[in-house]
Amino acid sequence: MKNLYGIDIWSDNNFIIKGSSVNINYKNQPSLLEITEAIRDKGYRGPLLLRFPHLIKKQISTLYREFNRAREEFNYKGEFSAVFPLKVNQFPNFINSLVEVSREYNYGLEAGSKAELIIAITHTPLGSPITVNGFKDKEMIALCFIATAMGHNITVTIEGLGELETIIEVSREFNIDSKNLIIPKIGIRIRLHSSGIGIWAKSGGYSSKFGLTSTEILEAYELLKKSNLLDRLLMIHFHIGSQMGEIAPLKKALREAGNIYAELKKRGASALNAINIGGGLAIEYSQHSSTKELNYSLKEFANDVIFLMKEIAKSKKIDEPNIFTESGRFIASSHAVLIAPVLELFSSEYHEKSLRLKDKNPPLIKELYDLWTSINSSNAREYLHDSLDHLDSLLTLFDLGYIDLEDRSNTEILVNLIIKKSIILLGSNDTNELQRLQSRIQEKYLVNFSAFQSLPDFWGLGQNFPIMPIDKLDIKPTNPATLWDITCDSDGEIGFNRDRPLYLHNIDLNSDEYFLAFFLTGAYQEVLGMKHNLFTHPTEVVVKFNEDGEYELDNLIEAQNLIDVLDDMDYNKNLIDKQLKYMIEESKLLSKSKKRDFLGKLYLYLSENSYLKTIQANREDINDYSI
Ligand SMILES: *Cc1c(COP(=O)(O)O)cnc(C)c1O
């Protein structure tokens, strides 16, 4: 029971199954269900994004611990530093938590745009590193000079010779008649000959968008020298792409970058003291041991970086460089969990209560009924085969006009019930045949979330995220599940996949609630999320733990309400407001008091977010509604 939903594979012990629920493996170990219910008790509906700062801290401290261990083990003289690349998650509830939990580490931020740079300048503690990558204009470079003047430890990485020329120009302008020279540290991003692997491999390799070729590096060197800026060239930078499932491409890139570093140093770039290895450190998203994405550990990763740099430094007789990393996915993924309520199951017609058996049924249907009531573990396989055989015959009889629609419906229900029952009975010895049958009886779960908003990498790249119910884990789930989101786009579907099956519970949503959790959604998903159908960022909350080990909810931000969503789209919200009011006022169908009543309802709805209320709530709504 312990390794349900592959929790041993992807959760890194952050979550555990305790009795019927999935719990946070920290302090008092609250369940995701009790946290979800506490938030819903405050009246919030729709999907919830829970953030766990202790998991951000865990990743940061693990990263430093492993690199420092490797440095000691190999007696490495260079230092280790790290920055968080803002593009991975810029949301304030995340960044503020990250800054708070990383104080002891001298951990910094990486920016790739002006807006990100402003976040970095205002959130990085003075002295901790800031790196600035991506394409830059003069203003962005000037911002780096301003940050330097504020006392920041900031490195501008040049992505092309033009940027270097701009740095030289800005440096002249900023340093006219100043006593103290104000010049940020300069880094050079190199264009690697080696490239990464996987769906995010494009960032490395010769055709990559970024970095300088060998020829350009030599030109940059000359230009820096000529402009008296060579003593500001401190860093060599590369980034080979995200979610690097294998270690081999990294090793190649390290050798390439290490040798470029050494060559520049020997040529005369004596201030050069750091290699920034970018991001790319992967995490395990798979729920199934057959589809694992990752073939190395952080320990191996750190050992390889330190060992290879040591080797190159030794053979080229230079000091061992300081190492910088910009791992983002590794730091941010695990901290966020999306919890979404299931709204409806779409195959309830296959319940026993839907049977329309007659006083006199066709003999094959009677037989199906007997198979279903007498199936047990010793006859399950045989009865299953018999029922599939009967299904074929009965469907043929229907096509030929010998049985009616009710008989056909009874056939479908009974065969499905038999398949389900035999899957349970034969459960422990799953065969190919059983797996194939499962796709036939899959259930559709309508889930109150938008895949476009909350899992854009699933939509765009086919990236899978671990999914599991947060309750009922003491009951064996038997429904092969397809998930539908609430957008009206058929791409918003996570289909049942025989290689990566997801089984969920049979639930009666009239009497019970059922929530699904989507894990490892803390990197990239939030800001890449699209407002398709105008579903916006879900309600989010920071879950912290106090000294007694109890959890506390902090900084709850509710999903945008309808009118603000429209305002954000640049609709004139006053005009919309006026028009709605006018149309109700002018209605010929409403009495005066009804008009007031309707207007009240309308404003209530406009003040809520666009996610659905549970179906149950809607039903109550309809009941107390009388025109
Ligand atoms: C995106 C990016 C990163 C982060 O990559 P991860 O795979 O999230 O670790 C680091 N550095 C640069 C330059 C990037 O563009």
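Select Arg69 and Glu66 to begin: their side chains meet in a salt bridge, with 2.8 Å from N to O. The model on display is a predicted one. Both residues belong to helix H3, which covers residues 53–73. Arg69 and Glu66 stand three residues apart, about one turn of the helix. Side chains of opposite charge can pair when their charged atoms come close. Glu66, at 14% relative accessibility, counts as buried, because buried means under 20%.

Glu73 has a relative accessible area of 51% and is exposed, since exposed means over 50%.

Next, select Lys114 and Glu139. A salt bridge joins their side chains, with 3.4 Å from N to O. This pair links distant parts of the chain, the two residues being 25 residues apart. Lys114 is in helix H5 (residues 114–123), whereas Glu139 is in helix H6 (residues 138–149). Lys114 is partly exposed, with a relative accessible area of 30%, and Glu139 is exposed, at 54%.

To see salt bridges that form a network, select Arg51, Glu526 and Glu540, which are linked in this way. In total, the structure holds 30 salt bridges.

Now move to the ligand. Which residues are closest to the ligand? They are Lys87, Ser242, Glu326, Gly328 and Tyr524, from a set of 16 residues that surround it. By class, this shell has three nonpolar, nine polar and four charged residues.

Select Ser242 and look at its side chain: an N or O atom there is 2.3 Å from an oxygen atom of the ligand. Then display the backbone of Gly328, where an N or O atom lies 2.8 Å from an oxygen atom of the ligand. Select Arg329 in turn; a polar atom of the Arg329 backbone is 2.8 Å from an oxygen atom of the ligand. On its own, the ligand has 390 Å² of accessible area, and the protein covers 93% of this.

The last stop is a pair of strands. Select strand E1, residues 15–18. Which residues of E1 are on the covered face, and which are on the uncovered one? Phe15 and Ile17 make up the covered face, and Ile16 and Lys18 the uncovered one. In a regular strand the side chains alternate between the two faces of the sheet.

Notes:
Residues numbered from 1 in each chain as written. Predicted model: local features only at pLDDT ≥ 70, side-chain atom pairs only at ≥ 80, totals over all residues. Heavy atoms only, no water. Salt bridge = Lys/Arg side-chain N within 4 Å of Asp/Glu carboxyl O. Helix = DSSP H or I, 4+ residues; strand = E, 2+ residues; numbered from the N terminus. Buried < 20%, exposed > 50% of the residue type's maximum accessible area, 1.4 Å probe, protein only. Near = heavy atom within 4 Å. Polar contact = N/O pair within 3.5 Å; in protein donor to acceptor, adjacent residues only side chain to side chain. Areas by Shrake-Rupley, 256 points an atom, 1.4 Å probe, with all protein chains shown as cover. Nonpolar A, V, L, I, M, F, W, Y, C, P; charged D, E, K, R; others polar.
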